[in-house]
Amino acid sequence: MLVDLHTHTTCSDGTLSPEALVQYAKEKSLEAIAVTDHDTTAGNERAIQEGLSVGVEVVPGVELSAECDRGSLHILGFFVDSESPSITEATAFLQEKRRERNISIIEILEDMGVFIEKDPFLHNAYLGRPHIARALVDAGHCETIDESFEKFLKRGASAYVERKKLSEQKTITSIAEAGGIPVLAHPVTVSDPEETVERLCERGLKGIEIYYPTHTDKDVARFTSLAERYGLFVTGGSDFHGLHKPHIGLGCVNVPYRVLQEMKEHWATFTS
Ligand code: AMP
Ligand code: ZN
Ligand code: FE
Ligand code: FE
């Protein structure tokens, strides 16, 4: 009985619709998945409905990026109520900033003589750098999505633009006030996980993602001991994005169902 507690759909930068993702989870014999789209909960209800019809448990989630000057700080929110004003306000803010950032990136590319179709980016706030990367490939400027990131889009590259995010505290509070469990995603993407976890715990962090495709056995041991030190939930998932990250398979980190079971059992106590 395996689960995958970190996945993306076409509501953010995955390439499978919420329904197709759940069907794929069924094909892969997963017992449960969490849908954790960037900055939106739009796919959660669709995935839940599909899950009811095909027999896959779906945990409604979200992944919010927070301000951080030591790497990428992403907070997952499990069991968030997508109707809660605290989450709708946070996601609306993040999406608008994402839309503005996309336009700035495209304008820089245009100044460099690199043109892609701009129209979708003017109107669709859920689009992000992976979509720009794909557009660069489609327009013949790059061979692969990776090359698009390397040449233009990664932090420090020629068309990189910083995106305005919410503070750590506001991010955690937005999830907690929406009845969700705030969990630090892929701690390897910050340069100082120990200090970050200590600080985030003071701000209401409840869990840490331990099982992740790029985590080594040493990382898993390191983050397990952090979880024990601060009494955090442990979670895990693949960060599946479909064809935007073709090397990452759904369910590839073999997270046992008991991880979700423990989260569910303690959810009420942690969110009360
Ligand atoms: P954004 O939210 O618009 O800043 O885009 C972030 C997304 O781009 C995340 O899903 C990242 O994992 C993805 N990303 C970052 N670097 C790369 C890369 N080299 N190749 C593919 N995806 C990447
Ligand atoms: Zn993504
Ligand atoms: Fe992330
Ligand atoms: Fe993710």
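This report covers an iron site and several salt bridges in a predicted model.

**The iron site**

Four residues coordinate the iron ion (ligand 4): His6 (NE2), His8 (NE2), Glu63 (OE) and Asp239 (OD). The distances run from 2.1 to 2.2 Å. Along the chain, these donors follow the spacing H-x1-H-x54-E-x175-D. The pair of glutamate 63 and aspartate 239 links distant parts of the chain, 176 residues apart. Glutamate 63 sits in strand β3 (residues 57-66). Aspartate 239 sits in the loop between β7 (233-236) and β8 (255-256).

The site of the iron ion (ligand 4) is irregular, with angles of 79 to 165° among its 4 donor atoms. A tetrahedral site would need all angles between 85 and 135 degrees. The zinc ion (ligand 2) is 4.8 Å from the iron ion (ligand 4).

**Salt bridges**

The model has 18 salt bridges. Three of them are set out here.

| Aspartate 39 | Arginine 163 | 3.1 Å |

Aspartate 39 and arginine 163 meet through their side chains. The pair links distant parts of the chain, 124 residues apart. Aspartate 39 lies in the loop between β2 (30-35) and α2 (44-54). Arginine 163 lies in the loop between α6 (145-153) and α7 (168-177). Both aspartate 39 and arginine 163 are buried.

Aspartate 192 is buried because its relative accessible area is 15%. Arginine 70 counts as partly exposed, because its relative accessibility is 27%.

Where does the pair of glutamate 100 and lysine 97 lie? Both residues are in helix α3 (residues 85-111). They are 3 residues apart, about one turn of the helix. Glutamate 100 is partly exposed, at 34% relative accessible area. Lysine 97 is partly exposed as well, at 23%.

Salt bridges with shared partners also join Asp39, Arg98 and Arg163 into one network.

How values were computed: Residues numbered from 1 in each chain as written. Chains lettered and ligands numbered in written order. Predicted model: local features only at pLDDT ≥ 70, side-chain atom pairs only at ≥ 80, totals over all residues. Heavy atoms only, no water. Donors = N, O, S within 2.8 Å, 3.2 Å for Na, K, Ca; no water. Tetrahedral: all angles 85-135°; square planar, octahedral: opposite > 155°, others 65-115°. Helix = DSSP H or I, 4+ residues; strand = E, 2+ residues; numbered from the N terminus. Salt bridge = Lys/Arg side-chain N within 4 Å of Asp/Glu carboxyl O. Buried < 20%, exposed > 50% of the residue type's maximum accessible area, 1.4 Å probe, protein only.
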